[in-house]
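Dear colleague,

Here is the structure I promised to pass on. My notes on it follow below.

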Amino acid sequence: MNNTLSNHTCPVCGSSHFEVFFEMLEVPVFCNVLWSEKSGAQTCKKGDIKLSFCSDCGFIGNVAFDPSRLEYTQVYENSLDFSPRFQDYAKSLAKRLIENHNLHDKDIIEIGCGKGDFLFLLCELGNNQGVGFDPSYVPLESHQKIQDRMQIIQDYYSDKYANYASDFICCRHTLEHIPQPISLLKNLRKTIGERQNTAVFFEVPNALDTFRDMAIWDIIYEHCCYFAPVCLSQAFSISGFKVSKVTEEYRGQFLCLESQPGEVSTTLTQEQSQQLQQLAHEITAFTTKFKNKVETWTDKLEYLANQGQRAVVWGAGSKGVTFLNLLKHQQQIEYVVDLNPRKHGMYVAGTGQEIVAPEFLREYQPNVVLIMNPIYEKEIQQMTEDMGLNPEFMCV
Ligand SMILES: [Zn+2]
């Protein structure tokens with residue numbers, strides 16, 4: 001399998017109308033690897049992002065992506081499960097999928113299951129049996145109570161596991177990491193074979209949130225692919241799936257696609273063609289809007305520094321790490337708050353701020369809290385209020 005993106009050919013539809021429109025050079029290759037020393041964090045491995053847009057299917061991909069620079073290991077930490085807001089979302093998604101697909105006492109496969117938390121939910125809430133695949137999996141004690149019904153294989157999912165039949169296959173936040181997403185989808189289709197009733201669910205970050213609504217801090221090296229609804233749908237049709245729906249979830253930050261095996265189709269509907277045109281307009285305007293947003297934040301941080309205001313970033317995930325790296329010339333921000341205890345005492349890739357627990361703010365007394373993801377605004381405000389603090393909040 002070819003593991004890089006071609007400079008000239010769209011990896012989804014094969015079109016040659018695949019042009020670079022945006023560059024972000026020398027960024028940390030990992031936003032989510034934990035660094036126990038500041039110096040190691042600051043000198044971490046870097047890579048370039050050169051995004052190309054396909055005007056025939058809407059695919060966006062990093063043509064400078066080199067997968068050999070990435071090796072996922074246990075220190076990779078991208079679990080969002082410490083946020084109550086995210087936990088609620090995962091739980092309601094699991095319940096919805098169980099209900100819509102009548103998942104009771106069924107066989108479930110999760111591709112790229114991470115720490116297995118979502119598969120655990122599906123198995124526990126629907127009394128199902130699950131097999132998860134992820135090379136970075138580390139066994140957790142809390143999963144032991146259903147270990148007779150849930151198995152995790154520390155490997156990439158591939159056709160060598162075709163003997164694992166299932167009623168439902170899900171894959172969340174994985175496709176965007178794969179340089180040749182069509183290979184994964186076509187292999188999956190082949191593996192399902194004649195089992196036409198297998199339901200297939202995928203969730204990916206929503207490219208419209210990043211490129212239309214300017215959630216620009218989501219552009220990271222780990223993501224070599226970005227999907228808007230039109231392209232995600234097209235990728236599945238090309239690979240022989242019948243897409244039943246694509247919805248925007250989690251305040252538009254995620255796309256959820258539901259499908260089942262079907263015929264290969266390469267034509268766009270009229271509505272999809274219009275969506276594609278609209279996306280092309282957003283892409284044309286993107287670089288200017290990106291520069292404006294970075295400049296605005298550079299000015300804001302400089303202003304705060306001049307006023308002697310102490311600011312912290314809340315959220316040491318991809319968004320926080322990218323924000324700090326894009327604004328790396330500011331000297332002001334010393335700490336990043338995160339709910340995930342596995343991150344505490346560690347350092348931000350590229351810029352080296354220390355990651356601290358929310359309780360640290362009692363002592364630090366920040367004037368300003370920069371909220372990296374607006375979806376957590378309320379829970380962050382509540383937590384700081386409960387600590388008796390009254391900082392100004394800014395959504396980044
Ligand atoms: Zn294409």
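Please keep in mind that this is a predicted model.

I start with helix H8. The residues of H8 that count as buried are Ser318, Lys319, Gly320, Val321, Thr322, Phe323, Leu324, Asn325 and Leu326. Because nine of the nine residues of this helix (residues 318-326) are buried, H8 is largely enclosed by the rest of the structure. Buried here means that 20 or more other C-beta atoms lie within 10 Å of the residue's own.

Next, the strands E15 and E16. Strand E15 (residues 368-371) and strand E16 (residues 392-395) run parallel and are joined by four bridges. In this pair, valine 369 stands opposite phenylalanine 393 of E16. Together with helix H10 (residues 377-386), E15 and E16 form a β-α-β unit, and this unit is right-handed.

Last, the domains. The protein chain is divided into domain 1, covering 84-267, and domain 2, covering 283-395. Taken over C-alpha atoms, the centres of domain 1 and domain 2 are separated by 30 Å. Domain 1 gives 12 residues to the contact and domain 2 gives 13 residues. What classes of residue does domain 1 present on the side that touches domain 2? That side has eight nonpolar residues, three charged and one polar.

Regards

Definitions and conventions: Residues are numbered from 1 along each chain as its sequence is written. This is a predicted model: local features need pLDDT of at least 70, side-chain atom pairs count only at pLDDT 80 or more; totals for chains, interfaces and linings use all residues. A residue is buried if 20 or more other C-beta atoms lie within 10 Å of its own, exposed if 12 or fewer, and partly exposed in between; C-beta atoms are placed from the backbone. Helices (H or I, at least four residues) and strands (E, at least two) are DSSP runs, numbered from the N terminus. Two strands pair if DSSP finds at least two bridges between them. A crossover is right-handed if, with the strands pointing away from the viewer, the path from the first strand over the helix to the second runs clockwise. Domain bounds come from an automatic or database domain assignment. Two residues are in contact if their C-beta atoms, placed from the backbone, lie within 7 Å. Ala, Val, Leu, Ile, Met, Phe, Trp, Tyr, Cys and Pro count as nonpolar, Asp, Glu, Lys and Arg as charged, and the others, Gly among them, as polar.
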